[in-house]
Amino acid sequence: MKRFTIMIKPASSGCDMRCGYCFYTDITKLRQNASVGVMSRDIAKKIIINVFTELVTGDMVTFAFQGGEPGLMGLDFYRFFVDKVSETAPPGVIVDYAFQTNGMCIDDEWCVFFKKYDFLIGLSLDGDASLHNQNRSDNHGKGTFNRVMDAKKKLDVSGVKYNVLCVLTSESSRRAGRIWNFIMREGIKYIQFIPCLEPLSDDVDFAFALTGKKFFRFYSELFPLWKKEATAGNMISVKLFDDLAMLLLHGQQGMCGLTGRCSPQIVVEADGGVYPCDFYVLDDYRVSDLTDHTLREVFDAVVSSGFYDYGKEKELPVHCTDCTHNKWCRGGCKRMSQAVYNNNTCGMRLFSDKYLNELMMIYRQ
């Protein structure tokens with residue numbers, strides 16, 4: 001049995017919001033063409049055919065749509081996509097769908113579609129109105145909180161599965177209690193906090209980036225609040241906690257880079273171009289094209305690209321050498337190094353030293 005996740009950016013870098021910290025906007029500044037346009041149905045058809053050419057009964061594939069904002073493609077594009085998948089997938093191949101969105105497109109019609117095809121939605125929401133609107137405005141500079149909350153309510157009513165994605169910035173790292181109160185008030189059961197990263201481009205005015213110290217400050221305030229609910233029987237899924245438990249109790253890596261090694265990624269831009277990591281969708285990292293090659297050929301190209309340094313012993317940062325967690329952490333993801341594993345203050349080490357044993361005890365229950 002083989003399992004693949006295909007991350008597709010059908011609208012490329014196109015978006016109907018202007019988030020102050022957007023990492024993909026930063027990436028596109030460094031490309032020859034910031035946007036490659038929108039994915040045509042012909043390209044989508046070729047991708048689908050090449051994905052399923054070599055899959056057999058029992059294999060699993062997830063199509064995960066991201067952006068930019070994938071909702072800009074319109075619902076008819078996704079109706080076409082799932083219909084073509086249904087026509088093309090060999091018998092017994094299991095297909096899942098995921099859709100990461102800012103929520104601006106979601107209405108009742110979208111919810112009916114998501115529910116019918118069992119999409120898992122990642123909804124970007126940075127906490128209460130003040131925190132969210134601080135960085136997540138529309139193209140006219142207006143806050144988007146009310147519109148995103150309306151999308152959340154529609155997902156709730158429709159019974160669509162969704163996780164909340166909350167970008168953890170320098171400012172919001174000081175607001176763990178406030179964010180937790182929002183989570184509880186809104187009945188959010190699944191949340192992922194995404195560290196805000198320093199830009200790859202030279203943006204001297206960037207003030208959003210997380211540091212290891214701020215990472216620890218946030219989670220050291222959040223953990224006791226989470227633990228109180230968990231021990232009372234109200235288990236809220238915080239992705240970092242889930243991933244640590246999955247790794248240390250079951251030996252399964254849920255988050256790419258958590259063990260210091262990247263997992264092979266297949267990231268597909270709107271023109272079919274393939275890249276090995278969502279953080280490095282840059283011209284120099286384009287390794288293949290899913291319109292011209294089968295999924296197996298693309299996967300082999302990704303693995304052999306040199307991006308992951310397989311077969312080489314990772315040289316650990318100096319501050320890792322005396323860390324009791326380095327056997328599983330190995331210095332973390334190279335793109336997350338400043339936000340979480342910073343040389344001056346490793347937030348993962350501080351958190352693990354203080355809370356890891358308690359965390360494991362809760363997941364063992």
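Which residues in H7 meet which in H8? Before you select them: this is a predicted model, where local features need pLDDT of at least 70, side-chain atom pairs count only at pLDDT 80 or more, and totals for chains, interfaces and linings use all residues. Residues are numbered from 1 along each chain as its sequence is written, and side-chain values use heavy atoms, leaving out hydrogens and water.

Now pick Ala176, Gly177, Ile179, Trp180 and Met184 in H7; they meet Phe218, Glu221, Leu222, Leu225, Trp226 and Glu229 in H8 (contact means heavy atoms within 4.5 Å). By class, that's 8 nonpolar, 1 polar and 2 charged residues. Zoom out to H7 (176-185) and H8 (212-231): they pack at about 35 degrees, axes 9 Å apart (lines fitted to C-alpha atoms over the stretch in contact, angles running from 0 to 180 degrees between N-to-C directions).

Next, select Phe63. Among its contacts are Ile6, Ile8, Phe81 and Tyr97. Phe63 and Tyr219 touch the most other members of the largest nonpolar core, which has 108 residues (buried Ala, Val, Leu, Ile, Met, Phe, Trp, Tyr and Cys joined through side-chain atoms within 4.5 Å; buried is under 20% relative accessible area with a 1.4 Å probe, protein chains only). H8 gives the most to this core, with 8 residues.

Last stop: strands E1 (3-8) and E2 (60-65), parallel and joined by 6 bridges (pairing takes at least two DSSP bridges). Click Thr5, and you'll find Thr62 as its bridge partner in E2.

Conventions:
Helices (H or I, at least four residues) and strands (E, at least two) are DSSP runs, numbered from the N terminus. Ala, Val, Leu, Ile, Met, Phe, Trp, Tyr, Cys and Pro count as nonpolar, Asp, Glu, Lys and Arg as charged, and the others, Gly among them, as polar. Buried means under 20% relative accessible area, exposed over 50%, partly exposed in between (1.4 Å probe, protein chains only). Lists of a residue's contacts leave out its neighbours within four places in sequence.
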